[in-house]
Amino acid sequence: MSGGNMFSVYGRMTALPGRRDDLVAALLDGFRAGDGGGLLAYSINTAFDDPDTIWLTQLWIDKEAHDATTRSEPVAAASRRVPSLLARQPEGFYGHAIHVHGQTT
């Protein structure tokens, strides 16, 4: 499937020692709060070599849907919990999906 204007987000977050599950729960709350806002798919992945690090991938219908959803108060409220769970500043990267395989709707 051609990506068209689909917008992708990739990130790495490192939780405070022993707080990874709390970080994952906060992220899931944020995704649930924005349900129906144009997020097609997301995954939260753990790193084999670092139990406190997660990798996050998101696929959105477009950048506008991402921006509108992440700025909404329900998502922002869930997101405000994240910084207190982090050991360091998160790293994020953005792009446009040029090909997507699998079910996205």
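Biologist: Which residues of helix 2 are buried?

Modeller: Keep in mind that this is a predicted model. A residue is called buried when its relative accessible area is under 20%. In helix 2 that picks out Ala65, His66, Asp67 and Thr69.

Biologist: Which backbone nitrogen does aspartate 62 reach at the start of helix 2?

Modeller: Aspartate 62 uses a side-chain oxygen there. That oxygen comes to within 3.3 Å of the backbone nitrogen of glutamate 64.

Biologist: Now the largest pocket: which element gives the largest share of its lining?

Modeller: The pocket holds about 570 Å³ of space, and 27 residues line it. Elements giving two or more residues include helix 1, helix 2 and strand 3. The largest share is five residues, and it comes from strand 1.

Biologist: How many residues of that lining are nonpolar, polar and charged?

Modeller: Met13, Leu27, Leu56, Gln58 and Ser79 lie nearest the pocket's centre. Over the whole lining, the division is 16 nonpolar, nine polar and two charged.

Biologist: Last one: which element gives the largest share of the largest nonpolar core?

Modeller: That core has twelve residues, among them Met13, Leu23, Leu27 and Leu56. Leucine 23 touches Met13, Ala15, Ile54, Val82, Leu85 and Leu86, leaving aside residues up to four places away in sequence. Helix 1 and strand 3 each give two or more residues to the core. The largest share, five residues, comes from helix 1.

Technical notes: Residues are numbered from 1 along each chain as its sequence is written. This is a predicted model: local features need pLDDT of at least 70, side-chain atom pairs count only at pLDDT 80 or more; totals for chains, interfaces and linings use all residues. Side-chain values use heavy atoms; hydrogens and water are left out. On a 1 Å grid over the protein atoms alone, a cavity is a set of points where a 1.4 Å probe fits but cannot get out, and a pocket is an open set with protein on both sides within 12 Å along at least five of seven lines; lining residues have an atom within 4 Å of a point. Grid points are joined across faces, edges and corners, and a volume is the space filled by probe spheres set on the points. Helices (H or I, at least four residues) and strands (E, at least two) are DSSP runs, numbered from the N terminus. Ala, Val, Leu, Ile, Met, Phe, Trp, Tyr, Cys and Pro count as nonpolar, Asp, Glu, Lys and Arg as charged, and the others, Gly among them, as polar. A nonpolar core is a set of buried Ala, Val, Leu, Ile, Met, Phe, Trp, Tyr and Cys residues joined through side-chain atoms within 4.5 Å. Buried means under 20% relative accessible area, exposed over 50%, partly exposed in between (1.4 Å probe, protein chains only). Contact means heavy atoms within 4.5 Å. A polar contact is a pair of N or O atoms within 3.5 Å; within protein, one must be able to donate a hydrogen and the other to accept it, and residues adjacent in sequence count only if both atoms are side-chain atoms.
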